[in-house]
Amino acid sequence: MQTDSSSSSGSVPGGDERAVLVTLLGRSSRGDEAAFAEVYDLTSARVYGLARRVVRDPAQAEEVAQEAYLEIWRQSARYDEARGNPLAWILTIVHRRAVDRVRSAESARERDTRYAIAGDGPDYDVVEEAVTATLETARVRKALTSLTMVQREAITLAYYGGYTHREVSELLDVPLGTVKTRMRDGLIRLRDTLGVEA
Amino acid sequence: MTSDAPDIHALSGAYALGALDADEAGAFEGHLESCAACRDEVLSLTEATASLADAVATPAPDRLRTSVLSGISEVRPLPPLLPAEPARTDEVSARRRVPRSTVWLRVAAAVLAVVAAGAVWRTVALTAQVDSITATAADVSAVITAPDATTVTGSVSTGGRAAVVTSQQRGQSVLVADGLAPAPAGKTYQIWFLDSSGAATSAGFVPAGDHSAVLLQGDPGRAAAVGVTLEPTGGSAQPTTTPVLAVQV
């Protein structure tokens, strides 16, 4: 996996990223700002890209990313390796912040309106022009194509769109149980295609 | 949880995608406590979910790096959670214990004791405009709604009331003030964490306004009390006047 920042802190070979991040988070928890800068450099493109994809507005995406990094810094001592990959922990924090942002903003609006304006369907084409093409990006995009269309649709609406499973069920006009199944089956297939370690 | 629906296992995907609402997520976390198969599945699905960020990776603007790194220099990382202290169990399991709807009611009741509910939410919305990056509205509402939030209230001797809401899990406290008299010219309400020896550490300032909420700077973990004093604008290194409010936390 390449370092995905525009800064040039060097690249981290694929399998090592997890170990490197664990070490860097440990140092961060002891107040080591240089270590956290490395965490930032290794993750910022994914963190910012995810925030941007969910909240869409670039200025708000920056705010979400900044709040998330601050929380990651504060909570770094509480990351527990037994609870999974540090990158997943980081991105869960980012995603929760981004989703909180859109859900609170959207609650004041008619979400269906936006959906309707978006045209004949939700934007589940995950290929965005502005996005950096890295090897890992290409690999994940390819893996996404291994999902069935309905699985991909449910997953991208939930993860990138920030919709709840109930909203996804409404948007797609399919029963809630079907949506749950599509999400779970789709993620299992994605996991198996990517060879994610448990 | 005794009310697990038969298909609760099927929620693992939606949970890993962050697609459950707060109540459902709380219920599912309760289920995770007793279902090792779901725990393992959620762990692996969450990692698959995280890889979705790779597909949308976008170089961040340079100024984000600058602001993140200058932001962290002003914030102390929380201490690790110590398993020996029962009150400070790990975040996920603590959250599982109380369904969030119950938590909402409890916190809402506590906050209502001091401030009208509308005022709190208006305050939380206003906070977005006045606070620094360490004290966003999201942080304030996250503390107020944290499952382990505890609230203490007190009267301010110069008028008005205040509540301190603390979440030890988050390592954060929020001060909610209601009906505070405006600070005299050239003065400001400064907030302090006091440890058990009485040593004071500045925790920030009460924002102006009839109803205000502010995320306190610093970790409430070692604080025995929170106090407020009137200090010259800009604040003091140590309290210089008799507290107008002191509450044990």
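User: To begin, does R27(A) count as buried, partly exposed or exposed, and at what relative accessibility?

Analyst: Happy to, and please keep in mind that this is a predicted model. R27(A) counts as partly exposed, because its relative accessibility is 30%, which falls between the 20% and 50% cut-offs. Its partner in a salt bridge is D32(A), with 3.0 Å between the closest N and O atoms. D32(A), at 25% relative accessibility, counts as partly exposed too.

From there, let's go to the contact between the chains. Chain A brings 67 residues to the contact and chain B brings 65. Between them the two chains bury about 5900 Å², with 60% of that on carbon and sulfur atoms. On the chain A side, Q66(A), R74(A) and R78(A) supply 14% of the area buried against chain B, more than any other three residues.

Helix 2 of chain A gives the most residues to the side that touches chain B, namely 12. That side of chain A divides into 31 nonpolar, 17 polar and 19 charged residues.

The salt bridges between chain A and chain B number 5, while the count over all chains is 13. One between the chains pairs E62(A) with R63(B), where the closest N and O atoms are 2.6 Å apart. R46(A) and D54(B) form a salt bridge as well, at 3.7 Å from N to O. R46(A) sits in helix 2 of chain A and D54(B) in the loop between helix 3 and helix 4 of chain B, so this pair joins two chains. Both of these residues are buried.

Within chain B, R76(B) and D219(B) meet in a salt bridge at 3.8 Å, N to O. R76(B) is in the loop between helix 4 and helix 5, and D219(B) is in the loop between strand 6 and strand 7, so the pair ties together parts 143 residues apart in sequence. Here R76(B) is partly exposed at 44% relative accessibility, whereas D219(B) is buried at 16%.

Finally, back in chain A, a network of salt bridges links E63(A), E67(A), E71(A), R97(A) and R101(A). R97(A) belongs to helix 4 of chain A, and its side chain makes a polar contact of 3.3 Å with that of E67(A). R97(A) counts as buried because its relative accessibility is 9%, under the 20% cut-off.

Methods. Residues numbered from 1 in each chain as written. Chains lettered and ligands numbered in written order. Predicted model: local features only at pLDDT ≥ 70, side-chain atom pairs only at ≥ 80, totals over all residues. Heavy atoms only, no water. Contact = heavy atoms within 4.5 Å. Buried area = accessible area lost by both parts, 1.4 Å probe. Salt bridge = Lys/Arg side-chain N within 4 Å of Asp/Glu carboxyl O. Helix = DSSP H or I, 4+ residues; strand = E, 2+ residues; numbered from the N terminus. Nonpolar A, V, L, I, M, F, W, Y, C, P; charged D, E, K, R; others polar. Buried < 20%, exposed > 50% of the residue type's maximum accessible area, 1.4 Å probe, protein only. Polar contact = N/O pair within 3.5 Å; in protein donor to acceptor, adjacent residues only side chain to side chain.
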